[in-house]
Amino acid sequence: MTYEFLVASAIGVLVAGGIFLSLRARTFQVVLGLTLLSYAVNLFLFASGRLVLGRPPIWDKAVSEYTDPLPQALVLTAIVITFGMTAFVVILALRSFLETGSDHVDGDTVPCDSQDGTADQAQKADAP
Amino acid sequence: MTLADHLPILPIAIPALAAPCALLVMRRRRGLAIGVSFASCVAMLGVALTLLVLAGDNTITVYALGEWPAPFGIVLVADRLAAMMLVLAATLALITLLHAVITHADRKGWHFHPLFQFQLMGLNGAFLTGDLFNLFVFFEVLLIASYGLMLHGQGSARLKAGVQYVIVNLVGSSVFLIALGLLYALTGTLNMADMGLRVAAVAPADQGLLRIAALLLVSVFALKAAVAPLHLWLARTYAVSTPAVAALFAIMTKVGVYALIRVVPQVFGDSAGAAAWVPAPYLFPAAMVSAVIGFAGVFVARNLSEQAAYAVIGSTGTLLIAVAGWTPDSLGAALYYLVHSTLAAAALFLVADVAARRRGAFAGNASPGPAFAGRSMVGLMFMAAAIATTGLPPLSGFIGKLLILKSVAALPDWGWAWGVILSTTLIGVIGFARTGSAVFWKRADEADPAKPAATRADWAAPVIALALLAMLSAGAGWASAYANAAAAQVLDPAQSARAVLAEGAQ
C-alpha cells in the first residue's frame, strides 16, 4: 500500500509541477515543465501494468506471478520519443530567442522584464 | 506470402525508404531527390488505389507485423476508411510536392524532401494502424516531421509560431500517453478491436476511470482536429508556414477527425458502459462553435493565408457537426465532406501563394495592390477555391454540405446544425468576396508595379486541386456511395473485430 502511495504521490507532484511550469511565460520554464510532465507520464505508464515487487517480467509456466512486461516496452518508447522532442524544443526555443530577441512563449518582443533588468543591475552593482 | 499480401505495409515502408534516400542525395543532386520524392508519392498513390479497390467489396485486409498474432502483436488494418484516407493523403502529397518543386519552396532548406516523406509515413501509419499505442507513435512521427516542415524556410514569424505549435503538441502527447496508460490498466490490451470487446468487462468500480480515459483520448484527438476551444494553435501556425506545407497540413486536422471516427465507434461504442459514445454531448456544440469561429475568422482575416487557415477550422467544424451525429448517414456525409474539405483547403492555400508571389511586397495582404499579369485568371482560381470552401454549387462543397444538411435533419438538434451551417456559409461567402475583390479587382495606383513571376507554371498545382474537386463533384454518386459504405463499416465494429482477431487465431 505504501509503495502505491509513494508512486502515486510522486506522479502527482511531478504533474503539478509540470502543469505549473508549462503555464509560465518563458520558454525555458515551459521546457522544464514539459520535462517534468513527461517524467510523470512515464512513471504513470510504468504503473499501468500494476506495481509488482520482485517478480520476473517474463511469463513462464514455473512462475505463478509476474510483472507485466508490456508497460516497460511502452515506457521505453515514450522515453525515447519525449527525449527527442525535448531536445528539439530546447533547440527551437534557443533559436527563437536568438532570432526574435524574446524568450516569451507568445513571442512578444519585450527585450527583458523589469524584474530581470533590476536583477542584472544588481549583479553589476555587486560586481565591482 | 506473396507481394500482394504485403500491400498494407507498403504505404509506410515506401516513404520510410524514400526519406533517407532523398536525404543522402539532397545536397548534391537536388534533381535526384525530387525524383525520389515524386516516385515515392506516385508509388504510394498506386498502392493506396489498389487497397481502395481491394477494400471495395467490404473485405478488411489485416496485416500482422512480424506475424505476431493480433491481440499481442501490432496489426495494420486496411478497410474502406483507411484506404480512402491513404488515397487522399497520397493525392494531396503529389499536388503539394508539385507546387513546392515548381515554386522552389523546397530549396529554402536542405531537408524538405526527407521531412515531407517522413510526414507521409506518419500520416499513412496513423491511417493504417489497428493499435492504439502504435497510433501514438505514428502521431509522433507525423508531428516531428511537421515541426521540421512548419519551420521550413525559417524566419522569426515561423519560429515564434513554431514554439507554440511544438509546445501545444507536446502537452497533447503527454495527455495521449496518460489516456493510453489508463486504458491499458483497465483493459489489459492496446489493440483497438480487442479493447472494443474488453471495455464491456471493465469493473463497475472502474467506470469512472474508463470515462476519464475516454475523455482524455477524445480531447487529444480534438486538439489535433483543432476543435474549439482547442483551435487556438492552428491559425497562426498554418498562416506562417510555407504555403505548400500549409496545403499538406490541410490533412493534419483531418487526422484528428479520422482518429475520432476510428476509435469512438470501435472502442467506446454501445457496450463501453460509462464511456459509451463519450464525446457525444460535447462534440456537437464544440463543432458548431468551431464552425462559427472559423468562418468568422474567414470574415475578418486580413491576409489570404490567414483566411485559408481559418477556413480549415471552419470546415473541420462543419465536418464534425456531421460526425457528432454518429449515424451511418451523417458519418457517410462527413466522410465525403472530409475528402472535399481537405482538397479545398489545400487549393485555397496554393491559390493564396500564387497570388502572393505576384504581388511583391503586398504578398497575401487583403488590400488593393499592384496589378499583375494573369490577375483575372488567378482571381478566377481564387473564386473557384472560395466557392469550394464555402460550399456553393457547382463544386463538391455544395454536395458535401447538402449531404450533411440532409443527414443531420434526422437528428434531434437539427435546427441548430442547419442554422450554424447555413449562416457560416453566408459569412464565409461575404468574407471571401471581400478579400477577393480587394486583391483581384481593386488596384492601388501609387503602388509600385510588382515584378511578376514570369512563368505560369505555378498555376498547375492549384488547377489540379480544383480539377479534382470538380471530379469529386461529377463523381459524387460513386464517392458518396463509397463514403456511406465506409461509414457503415466503421459503425459495425464487430466486423473489424472478427477480421482482426481471426487473423490472430490462425
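Predicted model: local features only at pLDDT ≥ 70, side-chain atom pairs only at ≥ 80, totals over all residues.
Local features need pLDDT of at least 70 and side-chain atom pairs count only at pLDDT 80 or more, while totals for chains, interfaces and linings use all residues. Residues are numbered from 1 along each chain as its sequence is written, and chains are lettered from A in the order in which they are written.

**View 1. Packing of helix 6 (residues 156-187) of chain B with helix 8 (residues 207-225) of chain B.** Helices are DSSP runs (H or I, at least four residues), numbered from the N terminus. The axes, lines fitted to C-alpha atoms over the stretch in contact, lie 9 Å apart at an angle of about 150°. Helix 6 of chain B and helix 8 of chain B are therefore roughly antiparallel (angle over 145 degrees). Residues of helix 6 of chain B that take part include Gly172(B), Phe176(B) and Leu183(B); those of helix 8 of chain B include Leu209(B), Ala213(B) and Lys224(B). Contact means C-beta atoms, placed from the backbone, within 7 Å.

**View 2. The contact of chain B with chain A.** Chain B gives 22 residues and chain A gives 26 residues. On the side of chain B, helix 5 (132-150) and helix 6 each give two or more residues. Helix 6 of chain B gives the most, with 17 residues.

View 3. Not counting residues up to four places away in sequence, Val240(B) touches Ala157(B), Arg158(B) and Ala161(B).

Technical notes:
Axes fitted to C-alpha atoms, helices over the stretch in contact; angles between N-to-C directions. Parallel < 35°, antiparallel > 145°, perpendicular 65-115°, else oblique. Contact = placed C-beta atoms within 7 Å.
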